[in-house]
Amino acid sequence: MENSILLDNMLKEDWDQVLEIYQEGISTGNATFQKEPPTWETWDSGHILECRFVARLNGKILGWAALSPVSSRCVYAGVAEVSIYVRQGSKGKGIGSLLLKTLIEKSEQNGFWTLQSGIFPENVSSLKLHSKYGFREVGRRERIGQLDGVWRDTILLERRSSVVGMD
């Protein structure tokens, strides 16, 4: 299946399908603390233009991945947070791997030396995917935020580039 999937830059025209996938993730209760997806304008302003992708098959978006800056301070210019979402009906088909591999490559081409991700411990498939691509567990952020009135932990993962910023 992977051979027929087109990996493409995310465009504003993709937002409706990206939003559907994001909403599916929100509905699981294990993908994000967000309760409502943002508008395109809000999402667009918070994500790095050169590092946002969709996986398409016959015009249908199967998943998306993007980076957002972790800080506006210049010292953290090469550090970004990963978001990756796969359509429920497309899980287990290599879409997440394709997206994360590409996101890592493009992040390094754009000068990022550290990628990080905060993942709910219950999201085992996301933890495995990140581990597969060299992310390591930095720690557990206990009771970092509430979702539907329940305190939740996240596992903080990071991946250091072997080609950017380590000279």
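**View 1. Arg159 and Glu108, a buried charged pair.** In this predicted model, Arg159 and Glu108 are both buried. Their side chains meet in a salt bridge, with 3.3 Å from N to O. Arg159 sits in strand S7 and Glu108 in helix H3 (residues 95-109), so this pair ties together parts of the chain that are 51 residues apart in sequence. As a bit of background, side chains of opposite charge can pair when their charged atoms come close.

**View 2. Arg56 and Asp14, joined by a salt bridge.** Here the closest N and O atoms of Arg56 and Asp14 are 2.9 Å apart. Arg56 belongs to strand S2, while Asp14 is in the loop between strand S1 (6-9) and H1, so the pair ties together parts that lie 42 residues apart in sequence. How buried are the two partners? Arg56 has 13% relative accessibility and counts as buried; Asp14 is buried too, with a relative accessible area of 6%. Look for Asp8 as well: Asp8, Asp14 and Arg56 are linked in a network of salt bridges.

**View 3. Asp148 and Lys35, a link between two loops.** This salt bridge brings the closest N and O atoms of Asp148 and Lys35 to 2.8 Å from each other. It links distant parts of the chain: Asp148 is in the loop between strand S6 (136-147) and strand S7 (150-160), and Lys35 is in the loop between H1 and H2, 113 residues apart. Is Asp148 buried or exposed? Asp148 is exposed, with a relative accessible area of 61%, whereas Lys35 is partly exposed at 44%. In total, the count of salt bridges in the model comes to eleven.

**View 4. Helix H1 and its buried face.** Helix H1 takes in residues 15-28, which makes 14 residues. From first C-alpha to last, H1 reaches 20 Å, close to the 20 Å expected at 1.5 Å a residue. Which residues of H1 are buried? They are Trp15, Val18, Ile21, Tyr22, Gly25 and Ile26. Seen down the axis of H1, these buried residues fall within an arc of 145°, so they line one face of the helix.

View 5. On the face turned away from the buried side, you'll find the exposed residues Asp16 and Ser27.

How values were computed
Residues are numbered from 1 along each chain as its sequence is written. This is a predicted model: local features need pLDDT of at least 70, side-chain atom pairs count only at pLDDT 80 or more; totals for chains, interfaces and linings use all residues. Side-chain values use heavy atoms; hydrogens and water are left out. Helices (H or I, at least four residues) and strands (E, at least two) are DSSP runs, numbered from the N terminus. The expected span of a helix is 1.5 Å times one less than its number of residues. Buried means under 20% relative accessible area, exposed over 50%, partly exposed in between (1.4 Å probe, protein chains only). The arc is that of the directions from the helix axis to the C-beta atoms. A salt bridge is a side-chain nitrogen of Lys or Arg within 4 Å of a carboxyl oxygen of Asp or Glu.
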